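Hello,

Here is the structure I promised to pass on. Please open it and keep it in view while you read my notes below.

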Amino acid sequence: MCLRDPRKAFEAKLLELGKDNEAIVAISCDSASGGGLGAFFQAYPNRSVEVGISEQTAVGISAAMARQGFIPVVVAIDPFLTMRAYEQIRDDVGYMHTNVKLVASGGGLAYSTLGSTHMALEDVALMRTVPNLVVLCPGDADEVEFCLEEAIKIDGPVFIRMPRQAKEPPAKRTQRKMELGRGEVLVDGGVAAALFTYGPSTAEAVEAAEILREQGVSMSVINFTTLKPLDEELIRHYASSAKKVFVLEEHAPNGGLGSAVADVLARSGISVPLKVFCVPEGAKQTGPYEALLNYYGISGSAVARRVMSVLSGD
Amino acid sequence: MKPFDREALERSAFHIRSNIVRTIASNGEGHAGGALSAADILAVLYFAVMDYDPEDPVHRDKLLLSGGHKCLALYGAMVELGVLEPELLKTYNQLGTLFPGHPDATKLPCLDFSTGSLGHGLPLGCGYALAARKAGLPYRTYVLMGDGEQGEGTNWEAAAFAAHNHLDNLVAILDENTLQINGRTSEICKPTSYESRYAAFGWAVRPVPGHDVGALYDAFAQIPLEPGKPTLLVAKTTKGKGISFLEDQQKYHHWNPDAGEAARALEELDARAAERGW
């Protein structure tokens with residue numbers, strides 16, 4: 001299968017949506033080309049705004065434009081949007097419930113060689129705390145298109161954590177059932193072991209399940225493209241029957257899906273062992289993306305190994 | 001703009017001040033200093049300059065109170081305008097009030113945006129000004145900033161953006177009362193004048209006496225000062241203006257009046273009202 005670049009998919013989808021919806025404006029933080037706004041800027045210069053390297057101001061501008069009926073789609077590299085502009089996102093977008101679409105380019109370990117300043121390993125934790133904000137974390141080009149379409153439909157603030165690496169989709173688009181706010185069962189391996197994941201880790205999780213299946217071990221993989229609102233019902237469904245629950249994410253331990261699942265289990269009174277595969281707090285190893293996934297034990301093969309180790313410890 | 005009427009504008013400014021002081025006196029606390037320094041500016045804006053319709057948030061002129069702690073001046077202006085009932089001011093800071101200690105536009109749709117954290121107003125102002133241009137709407141956007149607030153870097157991001165994009169429908173007013181919580185702005189961080197800094201960023205800048213409604217009116221009447229440039233009026237003001245013992249005093253940024261202070265302030269207001277027949 002020919003892998004599709006998620007940013008190119010984003011660029012084409014935004015261009016397409018912009019054709020029919022004149023309220024959409026693209027807001028760039030010196031991110032027009034690298035962030036997938038290039039085609040939109042070229043096609044609709046009057047609906048394109050280059051703010052420059054000023055993420056906080058870009059969010060403020062977007063919030064005010066949204067109050068005037070525009071649908072700003074603001075793109076910046078993930079940590080500079082979610083962390084530098086956190087307060088603007090919280091105050092001017094979240095509490096004000098402005099119709100702004102925040103697109104954080106290259107979440108997780110995407111900028112794997114560039115060091116801790118460019119990695120976004122706390123972004124999901126931060127965005128989950130913003131009032132009224134829908135948090136979407138696509139993992140491949142198909143999900144990116146789905147998320148952008150849904151984001152424009154929603155009359156309110158939406159955050160999209162944009163992946164950078166092209167990943168193998170778990171199935172053909174037509175065979176997938178993507179639904180806003182609902183988890184997506186990608187591997188139905190029964191309820192003995194269930195792995196919850198999102199974003200680029202989804203492809204690794206599916207690979208892990210395949211490796212395990214070849215070894216005679218069944219594990220379900222559920223993809224949560226929507227992290228907020230979270231499909232807690234689906235989590236409870238699997239967790240209430242599973243012997244082990246796993247979470248896989250390109251994120252630090254605090255505040256990501258691992259924390260969210262732990263919350264659900266605790267609140268629901270479900271007692272099941274939970275193991276979270278993620279990036280350790282403060283980790284700042286660099287290197288090629290795939291090598292880094294292996295280093296942290298969150299690649300498909302590493303996850304298969306770790307799951308097997310946990311299950312065989314019974 | 002409406003025709004200039006000094007008597008009416010000074011009366012409106014006085015009533016805004018009266019609303020500020022009476023609200024604090026009856027509720028026990030509030031950001032007095034900055035609200036009082038901004039009263040004349042808001043009076044001139046809302047009663048003479050702005051095309052303001054509380055029912056039409058899209059087409060009206062916009063006002064961002066970047067220093068949201070000055071909200072009592074804004075609430076006072078809304079009451080004086082007849083947009084809000086004066087009785088509501090009694091709920092200030094009470095549970096469920098529409099008048100919290102920083103303005104919340106989701107509770108009061110007559111306001112344009114919630115503010116409170118400093119340095120948000122000018123970026124928002126850029127957004128409103130840009131939206132007007134993109135939509136072909138004639139409204140103007142006014143941002144009332146403080147001088148201590150100029151320490152926030154977002155002001156300088158937005159200053160560059162506004163000038164670069166020739167937003168001459170954007171008007172910032174810097175309420176330069178020369179005091180911030182910890183002392184004089186000149187002693188904390190003010191390496192150059194605000195006039196020179198904004199001018200260097202490409203703004204059309206003019207200092208104006210900030211308690212002279214006539215001078216303020218004249219300055220607003222000439223906006224944009226230079227076509228193609230955003231305008232900054234540096235309003236030279238006195239913190240706590242209008243109540244003698246509050247004026248130019250660092251400690252009255254936030255005021256918790258005791259019974260004696262409250263009575264003294266109200267006496268001054270009454271005397272002023274009697275003197276002017278207000």
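First, a term you will need: a residue is called buried under 20% relative accessible area, exposed over 50%, and partly exposed in between. Also, bear in mind that this is a predicted model.

Start with the sheet in chain A. It is open and has seven strands, in the order 2-1-3-4-6-5-10. The pairing is mixed. Strand 2 (48–50) and strand 10 (226–228) of chain A are the edge strands, as each pairs on one side only. From one strand to the next, the twist averages 20 degrees.

Now look inside that sheet. Strand 4 (residues 101–105) and strand 6 (residues 158–162) of chain A run parallel, joined by five bridges. In one of these pairs, A:S105 has A:M162 as its bridge partner. Helix 3 (residues 55–67) of chain A packs on the sheet. This helix touches strand 1 (24–28), strand 3 (71–77) and strand 4 of chain A. Its direction makes about 170 degrees with that of strand 3 of chain A.

Next, the backbone. Most peptide bonds are trans, and most residues other than glycine have a negative phi. Here are some exceptions.

- A:K228 and A:P229 are joined by a cis peptide bond, with omega about 0 degrees. A:P229 sits in the loop between strand 10 and helix 9 (232–239) of chain A.
- B:I223 to B:P224 is also a cis peptide bond, with omega near 0 degrees.
- B:H166 is not a glycine, yet its phi is positive, near 55 degrees.
- B:T178 is not a glycine either, and its phi is about 70 degrees.

Is B:T178 buried, partly exposed or exposed? B:T178 counts as partly exposed because its relative accessibility is 27%.

Best wishes

Methods
Residues numbered from 1 in each chain as written. Chains lettered and ligands numbered in written order. Predicted model: local features only at pLDDT ≥ 70, side-chain atom pairs only at ≥ 80, totals over all residues. Heavy atoms only, no water. Pairing = 2+ DSSP bridges. Helix = DSSP H or I, 4+ residues; strand = E, 2+ residues; numbered from the N terminus. Axes fitted to C-alpha atoms, helices over the stretch in contact; angles between N-to-C directions. Contact = heavy atoms within 4.5 Å. Buried < 20%, exposed > 50% of the residue type's maximum accessible area, 1.4 Å probe, protein only.
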